[in-house]
Amino acid sequence: MLTTICHFPSDKGLITNPPAPLPETLLADKAVRAPICRRPGYSPGENVGPSRRRLPVNALLFGFACLVSSNTRAAEKPEPGLAVTFIAYDGNKAKTTDVTVSPNVWLYVPAGRPPTPFLSGERFSADWTGFVSSEIREIYTFQAELSGELKLEVNGVVVFEATARGTNTPPSKPVRLNKGTNAFKVHFASPTEGDASIRFFWSAKEFLPEPIALSALTHETTPELDKANQLRLGRELFVELRCARCHAGPSPGAAIPELTIDAPTFEGIGSRRNYEWMARWIADPHALRPTAQMPKIFHGPQTREDADAAAAFLASLKSNPASGDANEPAPDQVEGGKKRFETLHCIACHNTPGTSENDAQKISFNSVREKFAPGALVAFLRKPDEHYAWIRMPDFRLAAEETAQLAAFLQTAAAKPKDTAPPTDAATIERGRKRVQTAGCLNCHLLKIENQFKARALADLTPEKWKQGCLAGKPGDDLKAPQFNLDSPAREALQAFAETDRASLTRHVPVEFAERQARLLGCAECHGKFEGFPSFESLGGKLKPEWMKAFIGGEVSYKPRPWIDARMPAFAQRAEALAVGLAAEHGFPPQTLAEPPVDQDAVPIGRRLVSANGGFFCVSCHAVGSTAAMQVFESNGVNLAYTGARLQKSYYHRWVRNPQRIDPLTKMPVYFDSEGKSPLTDYYGGDAEHQIEAIWQYIRLGDKMPPPAQAQ
């Protein structure tokens, strides 16, 4: 008789449940099981590849070339993740609906808060729909960490129902999935009070409960989803183009954080930017950078004269001038900067200087010398957000020598600035000041002079107005409104957003913020692509939000992987919201739940288990505080003193139990067999969960960890 063994997370680690006999299996198909035939390197655990937002179709489980048809129709053009339909209720009556895409069946919504920006904060339901793929006909068990009500349907059959309040559900009866794609639907209803959450797991004979592999979940695109995506694009454009800076909307205390997005301050800008570059930028930003968000604000026959005058006025706004980089850099300095460019992976966002790269979606350095005043580039690299809080350029916390080298390299292939002195006559300066005051510049850029530009408030913009001005299809030279160089889909998205009540501008949803900002910041251009950068999809389920906030914000003083030259830059303005959003996307609360006090009886056992003295010899690759790793072979490990503060406990347990389920390429060995036993039977009889938990208790001591036990 075949059986399946189920394990699920609890406050004390992973709990083993009694096996369930096959006769009770819920069958989606009566055929016998196919023989096991594994694809080399396959792991149904977490997707450790590139971002799901860029996941190609061939990254789906096994690829559709080797799937056979199932009883249900698979998506003809599958997209990664599951479609999620949210419904907000007023009492028992459905009030509003929203549709989006989620990478998995994960969710965390604080009580009284909405699950999406387009719903209010009442009681809600969520339906994840799509397809789950299995490489063979296989028996699976499902369960969840849940606060709410849950119902699972597979191939049109209800196979699992549960209700829980912040605890683990019992496992489902075994469920047989067909080889290939299976129709998959999870219904969730929020609890009547308290936070709503779900973290969904599957398990099979060969592996313990874990999140369903991201590559196994797909969905079909529908008209409803297309319409919802258009609204999201419109809202995103409204935020990113800073529309609320001119068209006053929600008050700062009620608005989402991004409505405060700024632009480079004008205070002292004449010491940071060259006049001739500013004149060309103001005249037509998109001519210099196709992806520029700044609009063209001057039009008509006097465009160039107005731009020159505005640039002359800005050039007159001097502060303490920067020093350095006016002379040609030395060759060794340029070479050092090139190496720094490579190790920091600047190529993720920029075209490499001195090459033929010309990706229009990346920022070029061709005009960097024309743009920055002498010495200003070095100052900018040292602190990119000093004059622009919401800048996308992160802070790498470069030392003085590093910034000088990097600036030298960036300028090697850049065009030399024209020797054009800014006009200094009073009439031109006054004209420029007047244009800056009246053209809307001061709605985004800070300068302590009167702002004389006026525009209609957001509430006063009728639907017809959203087809005029900034959103006019064919702006003329006489148009006074800014020109954003929008294409038809962008204008239509903004117009579709205008037809909503715009209440979404008052609803900050951390998951939505994190998804959008991570995409705009290009986080997946490094994570999962370069050595030492974990896949971006795994971070929210791996790291504690408190540590993520500190790390993203540049507040962690150590490098978790000091042997890697690359470093994580800081995004201070976005750090907290990103951390909370990434955690919520994986079903975790914004603050890690407190654990009981450290089990002092388990600490000595954990200390011995990590040692070379009768233990697993973890210290071969892992340092413990100030005690260095003893015999690193092929791959270093993160200092164990950092682990307790960094990792979610549930992730730690899964990782130590079988790291290759999460990352098939990891060098970390598997110490426990399929029966949950280790060869070290002197401790808890070799029981895996007790041994893993003992190590966790030792690790929780952090910088107070005593050195690993030494050989006698």
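**Exercise 1. Determine how helix α12 is oriented relative to helix α15 in this predicted model, and which residues form their contact.**

Solution. 
Step 1: Helix α12 spans residues 510-521 and helix α15 spans residues 575-585; their axes come within 7 Å and cross at roughly 115°.
Step 2: Angles of 65 to 115 degrees count as roughly perpendicular, and α12 and α15 are therefore roughly perpendicular to each other.
Step 3: The crossing in which α12 passes α15 is left-handed.
Step 4: On the α12 side, the contact is made by Pro-510, Val-511, Phe-513, Ala-514, Gln-517, Ala-518 and Leu-521; their partners in α15 are Ala-577, Leu-578, Val-580, Gly-581, Leu-582, Ala-584 and Glu-585.
Step 5: Sorted by class, this contact of α12 with α15 holds 11 nonpolar, two polar and one charged residues.

**Exercise 2. Describe the packing of helix α5 with helix α10 and classify the residues in contact.**

Solution. 
Step 1: The axes of α5 (residues 303-315) and α10 (residues 426-438) lie 7 Å apart, at an angle of about 100°.
Step 2: This angle makes α5 roughly perpendicular to α10.
Step 3: From α5, Glu-305, Asp-306, Ala-309, Ala-310, Ala-312 and Phe-313 meet Thr-428, Ile-429, Arg-431, Gly-432, Arg-433, Arg-435 and Val-436 of α10.
Step 4: The class count for α5 with α10 is six nonpolar, two polar and five charged residues.

**Exercise 3. Characterise the second largest pocket: state its volume, its lining and the elements that contribute to the lining.**

Solution. 
Step 1: The second largest pocket holds about 1,500 Å³ of space.
Step 2: Its lining comprises 48 residues, and Ser-635, Asn-636, Trp-655, Asp-663 and Thr-666 lie nearest the centre.
Step 3: Two or more lining residues come from each of α17 (640-646), α18 (649-657) and α20 (688-699).
Step 4: With four residues, α18 gives the most to this lining.
Step 5: By class, the lining divides into 28 nonpolar, 12 polar and eight charged residues.

Definitions and conventions. Residues are numbered from 1 along each chain as its sequence is written. This is a predicted model: local features need pLDDT of at least 70, side-chain atom pairs count only at pLDDT 80 or more; totals for chains, interfaces and linings use all residues. Side-chain values use heavy atoms; hydrogens and water are left out. Axes are lines fitted to C-alpha atoms, for helices over the stretch in contact, and angles run from 0 to 180 degrees between N-to-C directions. Angles under 35 degrees count as roughly parallel, over 145 as roughly antiparallel, 65 to 115 as roughly perpendicular and the rest as oblique. A crossing is left-handed if the near helix is turned anticlockwise from the far one by less than a right angle, and right-handed if clockwise. Contact means heavy atoms within 4.5 Å. Ala, Val, Leu, Ile, Met, Phe, Trp, Tyr, Cys and Pro count as nonpolar, Asp, Glu, Lys and Arg as charged, and the others, Gly among them, as polar. On a 1 Å grid over the protein atoms alone, a cavity is a set of points where a 1.4 Å probe fits but cannot get out, and a pocket is an open set with protein on both sides within 12 Å along at least five of seven lines; lining residues have an atom within 4 Å of a point. Grid points are joined across faces, edges and corners, and a volume is the space filled by probe spheres set on the points.
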